[in-house]
Amino acid sequence: MKRKLLIIVTAACMLFSSMTVLAAPKTMPDGGTFDADYYAATYSDVRSAFGNNEAMLYQHYKLCGAKEGRHPYAVGASTTSSSSSSTATSDFDAAYYASKYPDLVAAFGNDATKLYQHWITCGKKEGRIAKAPEVKKEEEKSSDSSDLNENISNHSTLAKQMNYLINVYRLEKGRKELKLNDQLVTAAARLAIGNDDDGKSSSKVNGKDYKKLAKESSYEYDEIDCSHFKADDDDPNELFEKLQEEDGDMLKEKVYRDMGFAKSGKYYVFIFADEE
């Protein structure tokens with residue numbers, strides 16, 4: 001009876017222990033930092049194989065877990081190791097950090113502890129990114145992607161017509177033929193959508209900087225200019241005449257290699273650039 005009671009109590013203790021994560025990982029005999037309770041509670045497959053045997057759990061981490069990108073302790077927990085930093089933060093993903101920086105993998109392998117220690121001691125100062133960007137930021141960045149893609153698709157034929165008319169004119173003037181560049185088309189579409197043509201300046205259209213938009217779409221340029229105006233319809237010839245009226249010198253005197261075109265309502269945007 002006593003033996004049965006002892007077994008029950010022991011099993012209950014193990015179950016309770018597996019559900020508890022220590023706040024302070026400890027330094028192991030070989031110098032590594034490890035929290036056996038955290039490791040067992042976080043990775044059920046490991047717990048099912050080794051229970052809460054600290055030595056076996058740590059051995060699994062060193063032999064397999066580190067290579068698999070498993071964390072040896074809760075990131076952000078204070079540790080008893082003198083090599084750990086009080087600036088520990090939850091904004092760290094060992095697997096992401098390793099995949100982003102091959103030089104660190106060459107130095108530390110996939111040891112999550114060493115990668116984390118590198119980040120808190122050197123990586124942050126070097127401007128390294130320790131975690132994938134938040135999904136929310138990506139969603140914000142592409143919140144208008146549906147409208148943008150639809151706009152570009154709806155006016156692709158007109159863009160090609162304008163590119164043709166501009167090239168005929170430029171070739172007659174002895175200028176380079178322009179290539180319709182997808183990245184500049186996207187930048188032009190972002191400018192066109194929602195603008196009312198309140199005015200224009202050297203680099204901004206209604207508060208939106210076309211130079212910045214081109215850079216954000218990874219287009220590297222030596223020179224870039226923008227022409228924008230309102231017109232009543234989509235007749236290519238009338239639009240070209242309007243473009244000549246607005247920025248004729250830009251067409252015949254400037255040296256460009258690429259162009260982008262977009263429209264929204266009665267608002268038309270042309271971007272001309274020379275790629276680096």
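**Salt bridges, core and surface charge**

Glu54 is partly exposed, with a relative accessible area of 30%. In this predicted model, its side chain meets that of Lys26 in a salt bridge, at 3.2 Å from N to O. Glu54 belongs to helix H4 and Lys26 to strand E1 (residues 26–27), so the contact ties together parts 28 residues apart in sequence. Lys26 is partly exposed as well, at 38% relative accessibility.

The whole structure holds 7 salt bridges. One of them joins Arg70 to Asp45, with the closest N and O atoms 2.9 Å apart. Arg70 sits in the loop between H4 and H5, and Asp45 in helix H3 (residues 44–50); the pair therefore ties together parts 25 residues apart in sequence. Arg70 is buried, at 14% relative accessible area. Asp45 is partly exposed, at 42%. A network of salt bridges links Asp45, Glu68 and Arg70.

Glu246 and Lys242 also form a salt bridge, with a closest N and O separation of 3.8 Å. Both lie in helix H13, 4 residues apart, or about one helical turn. Glu246 is partly exposed at 32%, and Lys242 is partly exposed at 26%.

The largest nonpolar core has 24 residues. Phe34, Tyr39, Leu57, Tyr61, Phe92, Tyr97 and Trp119 touch the most other members. Helices H2 (36–42), H4 (54–65), H5 (94–100) and H7 (112–123) each give two or more residues to this core. H7 gives the most, with 5 residues.

Asp232, Asp233, Asp235, Glu238, Glu241 and Glu245 form a negative surface patch. Within it, Asp235 is partly exposed, at 31% relative accessible area. Asp235 lies in the loop between strand E6 (221–230) and helix H13 (236–253).

Key. Residues are numbered from 1 along each chain as its sequence is written. This is a predicted model: local features need pLDDT of at least 70, side-chain atom pairs count only at pLDDT 80 or more; totals for chains, interfaces and linings use all residues. Side-chain values use heavy atoms; hydrogens and water are left out. Patches are made of residues with over 30% relative accessible area and no salt bridge: like charges are joined within 9 Å, nonpolar side chains (Val, Leu, Ile, Met, Phe, Trp, Tyr) within 5 Å. Accessible areas come from the Shrake-Rupley method with a 1.4 Å probe; for residues, only the protein chains shown count as cover. A salt bridge is a side-chain nitrogen of Lys or Arg within 4 Å of a carboxyl oxygen of Asp or Glu. Lys and Arg count as positive and Asp and Glu as negative; His and the chain ends are not counted. The place of a charge is taken as NZ of Lys, CZ of Arg, CG of Asp or CD of Glu. Buried means under 20% relative accessible area, exposed over 50%, partly exposed in between (1.4 Å probe, protein chains only). A nonpolar core is a set of buried Ala, Val, Leu, Ile, Met, Phe, Trp, Tyr and Cys residues joined through side-chain atoms within 4.5 Å.
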